[in-house]
Amino acid sequence: MIPAIITISCILGLWLIIIISTFIVLSSLRKKLQRREHSINVILAQKYDLLVSLGKLMQGNGITLPENIKEALNISDYSSLKTINTQERLSVKTLLMKTVNTMFYIAEENGLSSSSRYITIKNSISDIDDHHRKEIALYNSDITAYNYWVRAYLFRPVAYLFRIKKKEWIFTRTIRRKN
């Protein structure tokens, strides 16, 4: 009787240790993913600030901007740049990328490419794009680890118990710009 109780308590203790350790790992990975998502939102806000600066530089040099560019630059606060899911993040990124490409084209067609301020803004946007790609790669790497823990056969009941679901990757499209 006593060996059976000891065996059962050892098995329950082992399951309790597995549940607690899995929960700790998943919660730490979730916090790490939240930090990465916040970092990506900050990068998008920095890119937006540079676009506003580029728009002011272009208007200061007498270059008129199309209405769709003006609308993209008239965001009243950063809350519309904050993204919740992958689809929103891709739509904001696409909007900013199209706006950047259009503004660069208009600026260079109007002879602004020799301005030192324009070159500084263009290089800063390029640096932010590189940093954004690196953050997305790190985010996707963390997603792989997180999804492993959520979907692994041994840990799946724990994830189900705490209602933890699989997360999506951020897919990126690499576009090379001419300098």
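Biologist: Where do Asp 130 and Arg 133 lie, and how many residues apart are they?

Modeller: Both sit in helix α4, three residues apart, about one turn of the helix. Helices here are DSSP runs (H or I, at least four residues), numbered from the N terminus. Keep in mind that this is a predicted model: local features need pLDDT of at least 70, side-chain atom pairs count only at pLDDT 80 or more, and totals for chains, interfaces and linings use all residues. Residues are numbered from 1 along each chain as its sequence is written, and side-chain values use heavy atoms, with hydrogens and water left out.

Biologist: How do I read a salt bridge, and what do the side chains of Asp 130 and Arg 133 do?

Modeller: Side chains of opposite charge can pair when their charged atoms come close. The cut-off: a side-chain nitrogen of Lys or Arg within 4 Å of a carboxyl oxygen of Asp or Glu. Asp 130 and Arg 133 meet in such a bridge, 2.4 Å from N to O.

Biologist: How many salt bridges does a search of the whole structure find?

Modeller: Six. One of them joins Lys 32 to Asp 142, with the closest N and O atoms 3.7 Å apart. Lys 32 is in helix α1 and Asp 142 in helix α4 (residues 116-151), so the pair ties together parts 110 residues apart in sequence.

Biologist: Which salt bridge does Arg 36 form?

Modeller: Arg 36 pairs with Asp 142, and their closest N and O atoms are 2.8 Å apart. This pair also links distant parts of the chain: Arg 36 in helix α1, Asp 142 in helix α4, 106 residues apart. Both residues are buried.

Biologist: Which residues are linked in a network of salt bridges?

Modeller: Lys 32, Arg 36, Glu 135 and Asp 142.

Biologist: Now the surface. Which residues make the nonpolar patch?

Modeller: Patches use residues with over 30% relative accessible area and no salt bridge; like charges are joined within 9 Å, nonpolar side chains (Val, Leu, Ile, Met, Phe, Trp, Tyr) within 5 Å. Areas come from the Shrake-Rupley method with a 1.4 Å probe; for residues, only the protein chains shown count as cover. Here Met 1, Ile 2, Ile 5 and Ile 6 make a patch of about 480 Å². Ile 2 lies in helix α1 (residues 2-60) and is exposed, at 60% relative accessible area.

Key. Helix = DSSP H or I, 4+ residues; strand = E, 2+ residues; numbered from the N terminus. Buried < 20%, exposed > 50% of the residue type's maximum accessible area, 1.4 Å probe, protein only.
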